[in-house]
Amino acid sequence: MEIPYTYKPRPDTGLYNAKVGIWLFLASEIMLFGALFSAYILLRVSAPAGFWPDLALAWPRGLLNIPIGTFNTAVLITSSVTVVLAWAALKMNNFARFRVYMVITVMCAFAFLGIKSFEYNDKFSHYVVRLKDGKAVTGHIEVDGKHARFWNFDDQWDVAKLADKKITQIKVEVDPERDIHGHVKSHGSHAHEVREIAVADIVSLGSYTPATHPFFAVYFLITALHGLHVLGGALVLAYFAFPGAKMWKSNPEQFINRIEVGGLFWHFVDLVWIFLFPVVYLL
Amino acid sequence: MSQHNSSHAASHGGDDHDHDIAAHVRTYLIIFGALLVGTVLTVAMYYVDFSSMALTVAVALFIASIKAFLVAGYFMHLLSEKKLVYGVLVLSAIFFVALMGLTLWGSNDLPKNSSTKTLYVP
Amino acid sequence: MQSSASHAHTSATESSHGHAHHEPGFFGKYIFSTDHKVIGIQYGVSSLLFLLFGFFLMLVMRFQLANPGKPIPIVGALLEKVLGEDMAKGGIMGGDLYNSFGAMHGTIMVFLAIVPVLFGAFGNYVTPLQIGAPDMAFPRLNMASFHCYFLGGVVMFASFFTPGGAARSGWTSYSPLASITDLANRFDGQTYWLIGMVLLITSSLLGSVNFIATIIQLRCRGMSWMRMPFFVWAQFVTGFLLLLAFPPLEAAGLMQLMDNLFGSSFFLPQGLVVSGTPLPVSGGGSPLLWQHLFWFLGHPEVYVLILPAIGIVAEVVSNNIRKPLWGYKSMVYAAMSIGFLSFIVWAHHMYLTGMGTKVATFFQTTTMMISIPSVIILTALFISLWGGSIRFNSASLFALSFLPMFGIGGLTGLPLGFNASDIFLHDSYYVIGHFHYVVAPGTMFAVFAGIYYWFPKITGRHMNELLGKLHWAGSLFFMNCVFAPMFIQGFKGMSRRMSDGGTTYFGPDAGIGADPGVLSLNKMILWCAIGLGIAQIPFIINFFSSIFAGKRATSDNPWQATTLEWATPTPPPHGNFLQEPVAYRGPYEYSVPGAKTDFTPQGDKN
């Protein structure tokens with residue numbers, strides 16, 4: 001006996017097996033990302049009111065690059081449309097166009113991931129410097145004309161390490177001042193103020209990592225998990241576009257369904273980002 | 001070999017189906033445009049100073065929900081999907097709301113005579 | 001139908017995915033099989049081994065509780081040699097070792113033994129057969145879910161041998177304890193535990209997708225929803241519980257991993273001081289968040305443990321009373337209600353965290369509500385017995401004993417569900433008595449019933465009845481002797497998870513006078529636990545010897561059962577049924593008036 005309804009729908013449910021499977025899986029993914037969003041809300045609601053980094057546990061605002069985030073959103077939305085157009089192309093029996101759209105989808109995915117890595121790298125080289133007079137300064141640290149960064153998560157540049165390296169002054173490209181909503185205060189020059197700070201005045205310094213604040217912890221976790229889903233989805237779609245496309249010859253109906261199922265996953269990944277972007281970047 | 005699989009080949013292929021799909025493609029492109037507009041709107045709202053945080057959140061989530069509805073309804077074909085799928089999604093929506101709502105409620109509902117403002121000192 | 005003939009027959013008809021058939025080699029047949037029956041057996045063997053290991057952990061712990069500070073005979077020296085002096089110096093169980101055994105006993109029993117045997121083993125083997133399907137909807141996904149589980153089990157087992165030992169913050173793994181047990185070593189037992197959990201959760205998710213899709217899509221002709229055996233309904237609801245309740249724990253597990261590996265503060269509040277030193281983390285996290293996310297799974301998890309067990313009991317009972325189950329429809333609706341309600345009762349595990357009265361009342365109410373469908377199911381099973389022609393064999397003895405045991409377990413849960421009484425009973429031995437009654441004589445009796453019942457279908461031989469009855473009598477007696485005293489200990493105020501067995505609070509130096517009967521009970525429990533272990537020996541002997549030398553089953557349907565799994569050859573071939581099955585009637589048509597025999601199989605046309 002063969003397993004029935006692998007590509008023909010079962011009459012009473014109107015669905016083929018893989019479609020039932022993927023929607024069940026997506027239901028569980030809703031719970032997964034839902035739990036992460038719940039955690040974000042809980043942590044944020046219980047943060048004390050105030051301005052970060054002056055108040056160490058106040059919720060930071062405006063730290064994420066909005067133009068980049070917006071562009072990434074557009075990239076993902078584009079990939080969502082191209083994957084459904086790929087499926088439509090197959091329904092219209094146009095394999096060549098299907099492949100073109102799939103390639104665009106996968107390229108959008110990798111563009112998204114590339115931009116995300118750029119964002120992560122920017123965070124890892126972005127420092128918060130706490131001074132002895134109680135103030136805190138944030139920005140990139142310039143060393144030999146480049147942005148300094150560390151590699152080991154707990155090997156943050158603590159003050160002792162600076163002394164070991166015989167550094168007595170650091171140059172900080174200070175971030176523009178922001179208001180309580182995270183909007184930049186002065187819309188004047190785009191040049192960053194560079195401030196020289198004596199190491200002797202520094203209490204601690206560390207870059208933006210999950211350890212720095214629960215905001216970063218949630219941000220990195222939720223975007224990394226989302227990114228893993230983007231990567232996984234892209235690999236599956238790439239597989240369908242090339243080696244897996246053999247099935248178009250042997251069983252076109254089942255192949256179309258596979259693309260539909262892969263597309264459903266892809267749209268879900270886009271859906272998560274549609275909520276992630278405003279919640280984490282804008283609110 | 002597969003007796004269960006009905007031989008309703010008519011539902012796939014054929015000229016009238018091509019028309020169907022062509023109309024769908026137009027719809028997808030329109031929705032794509034709507035989503036891009038929605039994204040611009042989302043970012044634009046960021047620069048509007050709303051009177052309260054609650055309103056800011058409500059507006060942001062409202063726009064996001066519209067975009068989500070478009071992706072789910074049209075790209076994922078949910079608007080024309082079968083009851084079973086709706087059922088599964090409604091279930092997960094209920095439990096997601098329960099998780100978020102009850103957790104938040106549990107962290108904010110404190111004993112009457114409690115001196116702490118939150119359940120833990122942040 | 002002899003097995004060899006059916007095997008020959010199957011290689012001709014076997015053709016999956018429409019390509020040319022070739023006989024899989026050893027690896028394809030036994031290690032990387034996609035056949036649900038092989039996967040079911042893989043799950044069964046692995047889970048029973050983990051069960052034995054978890055039992056061993058408990059025995060060592062019970063020795064320590066009965067004889068605190070004394071070297072453990074035989075095992076103590078072995079522990080010292082294998083795990084090191086800091087764990088078991090002089091063969092005496094150190095506090096850390098006790099805690100890690102405790103945490104791992106719970107984890108292994110719940111996630112590596114009971115759920116895999118009930119859902120992975122019995123579920124996989126029996127469900128497609130009972131709905132008349134050739135296999136699960138996604139056979140390769142099924143294989144992946146087994147290997148994920150196996151890998152998770154390997155990681156959990158390996159954690160014992162990592163420096164510092166296995167996780168030791170309870171199976172509940174509460175933060176901040178779970179993040180501060182070993183500050184010097186990031187890749188400690190807790191990290192292994194979290195990685196293992198991620199693997200196990202992935203396995204469960206893949207499995208649940210498979211089960212639900214299979215039951216929805218692959219029911220044979222005539223197998224309407226209300227004609228499905230209750231076992232299948234139980235697995236269906238269980239699938240939803242696993243699907244929707246596990247992901248928040250996966251999220252929480254990832255968060256705790258980040259806390260442990262990357263120094264984040266998801267669950268670490270500000271101002272934490274460990275051994276006099278302030279913890280160098282940002283703070284701002286919430287320990288309660290972990291508890292909420294953990295118990296959001298934790299509570300549905302206990303219904304994952306009990307529902308398939310009730311399913312097995314329903315099958316074995318209906319077969320051995322030779323009459324239909326009373327109240328099948330109520331049982332089905334009750335199972336669905338349990339499934340739904342189980343998602344909104346979780347904070348009854350958190351009554352003592354300082355919640356306000358409104359929230360506590362909400363959860364207390366839903367907790368009381370969920371007891372109703374549970375009672376409905378138990379009552380229906382009890383009422384079914386009335387007027388039945390009860391056959392007593394090893395399987396039915398275990399299934400029948402399940403009923404009062406689960407009754408005691410359930411009833412003793414009520415004081416825990418009430419906020420007010422839970423204030424005294426929370427974290428006491430009463431809780432341990434309660435939940436062990438439900439899972440130890442509860443789920444385990446169902447597992448044993450299932451093994452004795454389906455053994456002839458899987459192997460074509462019966463297990464020995466005398467050994468089975470010995471196993472049953474010993475298990476029933478000693479289960480009660482081990483767990484009933486725990487209620488007394490709990491009422492007298494003994495806390496759980498104390499490695500000294502309560503000596504600090506009840507011993508001669510505690511200043512309360514004579515032992516109020518707590519410490520002496522520890523000694524009794526130890527002897528009864530040893531007795532329980534000895535009672536399993538007939539089973540282990542029986543299990544293996546019957547595979548080779550058990551009495552051959554007289555037919556494909558030796559129990560004269562009605563459900564579809566008995567309509568296959570023995571053992572069922574790849575593809576299960578020789579011709580497409582059709583369900584002509586309900587699943588429990590026993591003693592139909594006017595019928596020639598006292599059972600009318602579901603798949604028989606006439």
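At what angle do helix 2 of chain A and helix 3 of chain A pack, and how far apart are their axes?

Modeller: Happy to! This is a predicted model, in which local features need pLDDT of at least 70 and side-chain atom pairs count only at pLDDT 80 or more, while totals for chains, interfaces and linings use all residues. Residues are numbered from 1 along each chain as its sequence is written, and chains are lettered from A and ligands numbered from 1 in the order in which they are written.

Helix 2 of chain A and helix 3 (residues 95-124) of chain A pack at about 160°, and their axes are 8 Å apart. Helices (H or I, at least four residues) and strands (E, at least two) are DSSP runs numbered from the N terminus. Axes are lines fitted to C-alpha atoms, for helices over the stretch in contact, and angles run from 0 to 180 degrees between N-to-C directions. Helix 2 of chain A is therefore roughly antiparallel to helix 3 of chain A (under 35 degrees is roughly parallel, over 145 roughly antiparallel, 65 to 115 roughly perpendicular, the rest oblique). The crossing of helix 2 of chain A with helix 3 of chain A is left-handed, that is, the near helix is turned anticlockwise from the far one by less than a right angle. Their contact has 18 nonpolar, five polar and three charged residues. Here Ala, Val, Leu, Ile, Met, Phe, Trp, Tyr, Cys and Pro count as nonpolar, Asp, Glu, Lys and Arg as charged, and the others, Gly among them, as polar.

Helix 2 also takes us to the neighbouring chain. Chain A gives 44 residues and chain B 43 residues to the contact between them, where residues are in contact if their C-beta atoms, placed from the backbone, lie within 7 Å. On the side of chain A, helix 1 (17-45), helix 2 (66-91) and helix 7 (252-282) each give two or more residues. That side divides into 30 nonpolar, nine polar and five charged residues.

Of its 122 residues, 22% count as buried (20 or more other C-beta atoms within 10 Å; exposed means 12 or fewer, partly exposed in between, with C-beta atoms placed from the backbone).

Finally, back in chain A, Ala39(A) is in contact with Val218(A), Ala251(C), Met255(C), Phe266(C) and Leu289(C), leaving aside neighbours within four places in sequence.

Conventions. Contact = placed C-beta atoms within 7 Å.
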